[in-house]
Amino acid sequence: MTDEQVRHARDLLARPENTVTSIAKLLGVSRNTIYNYVPELKGGRLALAESINTAELPRPSRSED
C-alpha cells in the first residue's frame, strides 16, 4: 500500500460505519493487508482512535523545577 492509501484507510477506519472488509475492497487490497499496514487495528478500533487522536496532540513540556 502507498502512504496515501494507508492515510486513507486510517481516515475511513475512524468512522464506525466503515468495516475493514469494505475499506479493503475500496482500496483493492486484502483485509490482511489493511491489518499489516495499520497495526493499531490489532488492538481494536479504540486503540486506532486513540493513536490517531494522540498523534495530533502536542506533547506537554516538562519543567525542570
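1. Ile 34 is in contact, meaning heavy atoms within 4.5 Å, with Met 1, Ala 9, Leu 13, Val 20, Ile 23, Ala 24, Leu 27, Val 29 and Leu 41, once residues up to four places away in sequence are set aside. This is a predicted model, in which local features need pLDDT of at least 70 and side-chain atom pairs count only at pLDDT 80 or more, while totals for chains, interfaces and linings use all residues. Residues are numbered from 1 along each chain as its sequence is written, and side-chain values use heavy atoms, with hydrogens and water left out.

2. Ile 34 also belongs to the largest nonpolar core, whose 11 residues are Val 6, Ala 9, Leu 12, Leu 13, Val 20, Ile 23, Ala 24, Leu 27, Ile 34, Val 38 and Leu 41. Such a core is a set of buried Ala, Val, Leu, Ile, Met, Phe, Trp, Tyr and Cys residues joined through side-chain atoms within 4.5 Å, where buried means under 20% relative accessible area, exposed over 50% and partly exposed in between (1.4 Å probe, protein chains only). At least two residues of this core come from each of helix 1 (3–13) and helix 2 (20–27).

3. As for the overall architecture, the chain has 4 helices and 0 strands, these being DSSP runs numbered from the N terminus (H or I and at least four residues for helices, E and at least two for strands). Of its 65 residues, 22% count as buried, and the accessible surface comes to about 5000 Å², with 49% belonging to carbon and sulfur atoms; the areas follow the Shrake-Rupley method with a 1.4 Å probe, and for residues only the protein chains shown count as cover.

4. In helix 1 the buried residues are Val 6, Ala 9, Leu 12 and Leu 13. Seen down the helix axis, they fall within an arc of 130 degrees, taken over the directions from the axis to the C-beta atoms, and so line one face of helix 1. The face turned away from this buried side carries Asp 3, Glu 4 and Arg 7, which are exposed.

5. Helix 2 has Val 20, Ile 23, Ala 24 and Leu 27 as buried residues, and because these fall within an arc of 100 degrees when seen down its axis, they line one face of the helix. Lys 25 and Leu 26 are exposed on the other side of helix 2, and just after this helix Gly 28 takes a positive phi of about 75 degrees.

6. A search of the whole structure finds 1 salt bridge, the criterion being a side-chain nitrogen of Lys or Arg within 4 Å of a carboxyl oxygen of Asp or Glu. The partners are Glu 40 and Arg 10, at 2.8 Å from N to O, and they link distant parts of the chain, since Glu 40 lies in the loop between helix 3 (31–37) and helix 4 whereas Arg 10 lies in helix 1, 30 residues apart. Arg 10 counts as partly exposed, at 24% relative accessibility.

7. Arg 10 is also touched by Tyr 37, whose contacts beyond its neighbours within four places in sequence are Met 1, Val 6 and Arg 10. Tyr 37 is placed in helix 3 and is partly exposed, with a relative accessible area of 39%.

8. On confidence, the mean pLDDT (the predictor's confidence in each residue, from 0 to 100) is 78 for the chain, with 65% of residues reaching 70 or more.
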